[in-house]
Amino acid sequence: MNKLEILVVEDEPQIRKLLQIILENNDYKVTFAATGKEALVLCANNFPELVLLDIGLPDISGHQVLKDLRQWYNKAIIVLSVFDNESDIVSALDNGATDYLIKPFRTAELLARIRAAIRRNHSEKESCITKIKDLEVDFLSMTVKKNGEYLKLTSTEFNLLAIFVRNSGRVLTHQFLLQEIWGSTLNTETQYLRVFVGTLRKKIEDDHNKPQYIITENGVGYRFASLDN
Ligand code: CA
């Protein structure tokens with residue numbers, strides 16, 4: 001079987017070494033770029049299944065690399081960022097990053113995110129019904145069941161849930177959600193979003209104070225429960 005190729009864009013030798021060991025042990029083929037320019041060339045030549053992209057690169061910033069790649073590269077890009085830099089993360093997600101990880105990351109988490117991102121590469125064909133935990137969302141009839149019972153959702157709540165479910169496991173920024181639902185990215189409207197997330201949680205969560213489906217990513221947005229668990 002052909003191994004899936006991951007392009008690692010990272011300038012720090014220790015992290016490269018670490019990623020090489022982890023990824024090769026998990027049967028991925030790994031190629032490396034140490035600069036942004038190298039990354040653009042390698043990605044165009046190899047068209048890897050996924051790019052792990054460090055934001056802090058010596059030549060061009062990871063943000064610029066991300067923007068350039070997104071002109072033509074439609075597969076998964078996971079951004080690696082340093083701790084405590086929310087604005088970096090938000091801007092990466094808004095520029096088309098599939099997901100992000102904060103350094104230092106745990107091996108299990110890295111591998112889980114990679115699997116989820118790669119699965120998304122292949123899940124463009126969407127089935128009518130998606131099940132996550134006790135929820136069953138039918139995109140065709142626009143209905144939702146929890147434990148087999150129909151839930152009454154408003155159309156905005158359904159749209160919001162549909163966006164979450166289509167992007168399950170992936171963090172979505174406030175901006176992205178506002179744009180998807182209302183076609184607006186006015187930051188002042190983040191408040192409305194919070195209200196709708198609140199009412200949706202009351203309908204789909206067992207305990208809306210301890211959400212299992214719509215997880216808040218502080219300062220960034222929301223992540224819907226993954227299909228994995
Ligand atoms: Ca770096």
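This is a predicted model: local features need pLDDT of at least 70, side-chain atom pairs count only at pLDDT 80 or more; totals for chains, interfaces and linings use all residues.
Biologist: What makes the numbering and the values here what they are?

Modeller: Residues are numbered from 1 along each chain as its sequence is written. Local features need pLDDT of at least 70 and side-chain atom pairs count only at pLDDT 80 or more, while totals for chains, interfaces and linings use all residues, and side-chain values use heavy atoms, with hydrogens and water left out.

Biologist: How do you know where the domains are?

Modeller: The bounds come from an automatic or database domain assignment, which gives domain 1 as 5–123 and domain 2 as 129–224; their C-alpha centres lie 27 Å apart.

Biologist: What makes up the contact between them?

Modeller: With contact meaning heavy atoms within 4.5 Å, 11 residues of domain 1 and 13 residues of domain 2 take part.

Biologist: Why is the pairing of Arg223 and Asp99 called a salt bridge?

Modeller: The rule asks for a side-chain nitrogen of Lys or Arg within 4 Å of a carboxyl oxygen of Asp or Glu, and the side chains of Arg223 and Asp99 meet at 3.5 Å, N to O, so the pair qualifies. The count between domain 1 and domain 2 is 1 salt bridge.

Biologist: Which elements supply the side of domain 1 that touches domain 2?

Modeller: Taking helices (H or I, at least four residues) and strands (E, at least two) as DSSP runs numbered from the N terminus, the elements that give two or more residues are helix 4 (86–94), strand 5 (99–103) and helix 5 (107–121). Helix 4 gives the largest share, 5 residues.
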